[in-house]
Amino acid sequence: MSSTPFPFTAVVGQGDLRLALLLNAVSPAVGGVLVRGEKGTAKSTAVRALSALLPQVDVVPGCRFSCAPGAPDPACPDGPHEAGPGTGRPARMVELPVGASEDRLVGALDIERALAEGVKSFEPGLLADAHRGILYVDEVNLLHDHLVDLLLDAAAMGSSYVEREGVSVRHAARFLLVGTMNPEEGELRPQLLDRFGLTVEVAASREPAQRVEVVRRRLAYEDDPAAFAGRWAEEERAVRARVVAARALLPQVRLGDGALLQIAAACAGFEVDGMRADIVMARTATALAAWAGRTEVVKADVRQAALLALPHRRRRNPFDAPGLDEDLLDRILDGFPDEEPEPDPDPRPDPEPEGPGDGGPEGGPPEGGPGGGPGGTPPQRDGADAPEDGRQAGPEEAPQAPEPQPSAQGAGGTGPEQAAVRAAAPFRTKVLSVPGLGEGAAGRRSRARTAHGRTTGAQRPRGQLTKLHLAATVHAAAPHQMVRGRSGRGLVVRSGDLRQATREGREGNLVLFLVDASGSMAARQRMSAVKGAVLSLLLDAYQRRDKVGLVTFRGAGAELALPPTSSVDAAASRLEQLPTGGRTPLAAGLLKAREVLRVERLRDPSRRPLLVVVTDGRATSAGTLGGDPRALSARSARLLASEGVTSVVVDCESGPVRLGLAGVLAADLGGPAVTLDGLRADSLAGLVKNVRTSVTSPAPLSTPRRAA
């Protein structure tokens, strides 16, 4: 990998992305940027290129926390610092890996020295490294929630606190926070989304000419990074100078009462929660005015600020696509009189000049749009109205599953296929959990040993000590004080005395939905209720940090409609478009689910599965297996039970006469059956609180150890 970064000004198109990054460079108080988009759209390239545009920072020589010589942090662990000249260095771009630990992020205290010597020996983490620079989190949606909380708290307060058993350290941590994510891999919680100041949706161009320019620049960069960067050096210097000038102008920008009323009206009109949106919009509009070289915030600044600050705050549930109705925004702002300030220059970054025919980063359209030549001719329209392909994507532009194709014959040729019906309104479900004690990824469903939670015991640390059990450590060290020559009040502690606290919390599971889509489920009202129940369980899985998968069966066989993923909205999309019809190959569905769970166990052995079978229990087809359908279904269910798969059957049978086949299936699976009404958390017919397997059931796939 080349040490010469791809030039920021050579990124093709993606005007909103570049503008959001530059506004945060002008005013870090805006609160960072969350970049959402499909893979290969220059998200990482643009972020890594930004650091080269930030002004150089002066630091106290030898300070590991990058204190400014003119105003050092009085609480700096390396302080106090004496007055003196500083040392200049480039602003850092620090990257937080997805698998980072809490100590790697916030820093680590040497507990042994703290107990034995009373010394605060602190090893700085990534938050300290990023102070006065950029902290970049790729795939932020895959980061553990508690790490995201720590990260956003530090960004909001401008400082980081590390506390371990009464020993605490504080240091300054002010940085430009940038996160990128692919929504296909799962969403962030709304509470965490709200903590990012701005959000940008990016997408690759579908225009061949624009894609050609991307490839040209990328190939030219890879052939000779230094020469390519040299061709863009003048543009880089111009943008860097503009950032410096905007930072200097920012304190002089006036945010008048008229602009504040426009901001408040926009936030109220879009019904965003809380007041953070108003504050972020005010800071963004002020930064936009400074970037444009003005000292007064105008309506165009407020409009552009709304497009960047509000889309991700509009979500009411995880299945809502982020976006903003620009017509509604215009109607809200049209209710205010137009200002007559000096002419407003284009708030976006300067478009790249006609390039030397080089090829671009990971993806993204040139500013020129479809009419632009291969050199990326800049667009003729200005301001926020410029319709670039890098604009905010509306809900209608989100990736959609293929539309089902109705046919005269259903799957298996046994009857007409029914068109997909809409799901009924979701409801709050009872908690379904896997019995025993697991060790999977942190979540909110089943009991597990975790890094966070209530303390249940102590053990010798395996590797680096992370959570000290103080009482157990003192108990281990106390018998040896005389032998160790203790003479004062301090306790003589050795590394062998340290004890790690064992904690019990909750884990996320793999919830695999096996949905009967056969003709017996095809009644519109019935299928709507079934989809509503599954949608409710999906919402519950989202809230409990589960992975989800979807297997459907009808006609002659079963198919994996959605491989296990963290994206519950993708599962909801597949479910919404699920057609019904044909016979009921229940055994094929159960065996398909078994195969999916087998493969997933190899990929992630610590994540325990929960199989949710949604059916009326009928089995009318053996599919390609041959034999008696009901006998095959019973054998398949018992096979899953013998492998320790925790299952629950959602009984969809309705009407005055019921056969009770779902209950028979549940008995074969070794789990309970619950009706659609009984699935509701507020139902009086409550049946399931926790899914419990029989005492006589075989051991699970991954038998958990007893709690310490």
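**Exercise 1. Work out what share of the chain's contacts with a separation of 6 or more comes from residues 24 or more positions apart.**

Solution. Begin with the term: a contact means heavy atoms within 4.5 Å. Among the contacts in the chain with a separation of 6 or more, 80% are made by residues 24 or more positions apart. Bear in mind that this is a predicted model, in which local features need pLDDT of at least 70 and side-chain atom pairs count only at pLDDT 80 or more, while totals for chains, interfaces and linings use all residues. Residues are numbered from 1 along each chain as its sequence is written, and side-chain values use heavy atoms, with hydrogens and water left out.

**Exercise 2. Describe the open sheet formed by 6 strands, and find its edge strands.**

Solution. First, recall that helices (H or I, at least four residues) and strands (E, at least two) are DSSP runs, numbered from the N terminus, and that two strands pair if DSSP finds at least two bridges between them. The order of the sheet is β17-β16-β15-β18-β19-β20, with mixed pairing. Next, the edges are β17 (557–565) and β20 (673–675), each of which pairs on one side only. Within the sheet, β15 (residues 510–516) and β18 (residues 609–615) pair in the parallel sense over 6 bridges, and Leu514 stands opposite Val613 in β18. Finally, helix α17 (residues 568–576) packs on the sheet, where it touches β16 (547–554) and β17.

**Exercise 3. Decide whether Thr284 is buried or exposed, and list its contacts beyond its neighbours within four places in sequence.**

Solution. Locate Thr284 in helix α12 (residues 276–291). Buried means under 20% relative accessible area, exposed over 50%, and partly exposed in between, using a 1.4 Å probe and protein chains only. Thr284 counts as buried because its relative accessibility is 0%. Its side chain reaches the backbone oxygen of Val280 at 2.7 Å. Leaving aside the neighbours within four places in sequence, Thr284 is in contact with Leu23, Val30, Leu198 and Ala305.

How values were computed
Axes fitted to C-alpha atoms, helices over the stretch in contact; angles between N-to-C directions. Polar contact = N/O pair within 3.5 Å; in protein donor to acceptor, adjacent residues only side chain to side chain.
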